[in-house]
Amino acid sequence: MKKGTLKQILLITDGCSNKGEDPSATAALAREQGIAVNVIGILDDDQTEEPTGLKEVEDIAMAGGGISQLVYKQLLSQTVQMVTKQAMTQTLQGFVNLELKEILGSEQTMEDLDPEKRGEIMEVVEDMGETCDLEVVVLIDTSASMRDKLPTVKEALIDLSLSLNARIGRNRFSIYQFPGKRNKDIEKVYGWSPKLDEVSTIFPKLTSGGITPTGPAIKEAIYQFSKKSLLRSFRENDEQDMEEA
Amino acid sequence: MMNKTWKRPNPYFAPGMQVKGKWHKNIYTVKRKLGSGAIGTVYLCESAGDYAALKVSDKGSSITTEVNVLKAIDQAQGNKLGPYLLDVDDWVAQTGEQFSFYVMEYINGEPLSDFVRQHGHVWLGVFMLQLLDDLENLHQLGWVFGDLKMDNLLVSKSPTRVRWVDVGGTTRIGRAIKEYTEFYDRGYWELGSRRAEPSYDLFSFAMIFLSVYHPNHFVKRGNSRQFLFRKLDAIKPLQPYNYSLKKAILGKYQSSAEMKQDISKAIFQAKRKTQNHKEKVPIAIESVGLMSLAIIYYLTSIYLF
């Protein structure tokens, strides 16, 4: 298997979408393009039960082939890095299962192998997870209710880049906020960069208004990925295509 | 706490239940639950008259990863680094769902902080030396423990020895730390990276001894270096080791062996210092005895183990 680039969208929100296309549908679209959609739903400190508004969180991640998690803001840092890493392993295991199907035929997956063989394959998956390149578009919900959560989100993202930059593989992050300024659905905060340390200075301010255009935000993220690989294929036309996993 | 919306829960094994492996057909009778963490639940069980610890999880890949680590560190001849691996298998529930589990040596012991509180600070030095020996061996094998924390340490009896019980965070040197706990993680304190290096473990090591006296931990505030140093300075029983612990916090040790030298030196120096002031400070006499006791305990633990 060639060394490839994993692509993820990381959606951080605290409520449900209310504008534009169905986010689950756009997430499914992302999945078709080989992009996993992870969703983190932040709970308010006084929320003891799973709020119905956050049911969408699970649906989007399911449709996007990613991982979802509801979490109180105190645990956000650990959760963000865990979800990102688990989603990487999940995607890589998906590739491995596809290969296994080719070799062993029909419906064979890792779970059908005996524990010893599974151990050997897991080592390969881990190697890939450590060395592959990773690109993440972070989508941050900046609607009014996120007010007291944004500082924690910022910390969690800096922490995420600390975790991922300890890997051997390269990382690139890009951050968008939704809704954007002046009635735009989405707005770029931070272009592709390997580190998020500088993010503190330019972190998104709250946008007023009650709209949460989650679907359009995911769509924009997909576009960013495709635009990026197009540009790259122009620049590196003779080199090996990194996007192909 | 976290709500897991996307996953099936870990299976619950009631006491008395028999768990039979799909592949190796071994049967384990569940005695009781020992604990549960981010990855899976551990049960005390009995098989062929022997006690063992069984870890089961809904995350099959994590179980497989842990088994790989246990296998790798089992190769350390003569060193009990972590529990022995006894069996790896799958359990199929009545619903047809499959869960991975592994069975390891059951380490019967009490938490390190409880032990120190009951049996005295004299044991601090002993446990430091024991832990540093184990870490040195592990690092020599090319691994870093990663999630080194109070919860992952138990003190077993006869001989009294500190043991590791969970290798879930154990990572090959040079890679990204697999699993960590914020309080013990130098990344959280902005005092280093999350790359697996011996110095990563030594930072956690220092935090373990700090947490003996801060069982509820504390969160970061201001300049971490100054903040942690102040916390260390405030704990009297740690005074003899302060120099080394601070050095570990700053990541100044390249190896556990290097730190062990400093700690042993500290133990002997504390002994000499107290000898000089014998007549002035009666308590000092006691600590001379305690320090020599510490060294004797440590030496016997090496030979008996």
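**View 1. Strands β3 and β4 of chain B pair side by side in the antiparallel sense.** Seven bridges link β3 (residues 41-47) to β4 in chain B, where strands are DSSP E runs of at least two residues, helices are H or I runs of at least four, and both are numbered from the N terminus. Two strands count as paired if DSSP finds at least two bridges between them. Look for B:Thr41, which stands opposite B:Val56 of β4(B). The two strands make a hairpin with two residues between them, and B:Ala48 in that turn has a positive phi of about 50°. This is a predicted model, in which local features need pLDDT of at least 70 and side-chain atom pairs count only at pLDDT 80 or more, while totals for chains, interfaces and linings use all residues. Residues are numbered from 1 along each chain as its sequence is written, and chains are lettered from A and ligands numbered from 1 in the order in which they are written.

**View 2. Strand β4 of chain B is mostly covered.** Six of the eight residues in β4 (residues 50-57) of chain B are buried, meaning that 20 or more other C-beta atoms, placed from the backbone, lie within 10 Å of the residue's own. β4(B) is also joined by six bridges to β6 (residues 98-105) of chain B, again antiparallel. Here B:Lys55 stands opposite B:Tyr102 in β6(B).

**View 3. An open antiparallel sheet of chain B has the strand order β7-β9-β10.** At its edges are β7 (109-111) and β10 (161-164) of chain B, each pairing on one side only. Neighbouring strands are turned by 40° against each other on average, direction ignored. Between β7(B) and β9 (residues 153-156) of chain B there are three bridges, and B:Pro111 has B:Leu154 as its bridge partner in β9(B). Helix α2 (residues 112-119) of chain B lies across β7, β9 and β10 of chain B, at about 85° to β7(B); axes are lines fitted to C-alpha atoms, for helices over the stretch in contact, and angles run from 0 to 180 degrees between N-to-C directions.

**View 4. Chain A and chain B meet through 28 residues of chain A and 23 residues of chain B.** Residues are in contact if their C-beta atoms, placed from the backbone, lie within 7 Å. On the chain A side, α4(A) gives the most, with seven residues. That side has eleven nonpolar, eight polar and nine charged residues, with Ala, Val, Leu, Ile, Met, Phe, Trp, Tyr, Cys and Pro taken as nonpolar, Asp, Glu, Lys and Arg as charged, and the others, Gly among them, as polar.

Definitions and conventions. Contact = placed C-beta atoms within 7 Å. Buried ≥ 20, exposed ≤ 12 C-beta atoms within 10 Å, placed from the backbone.
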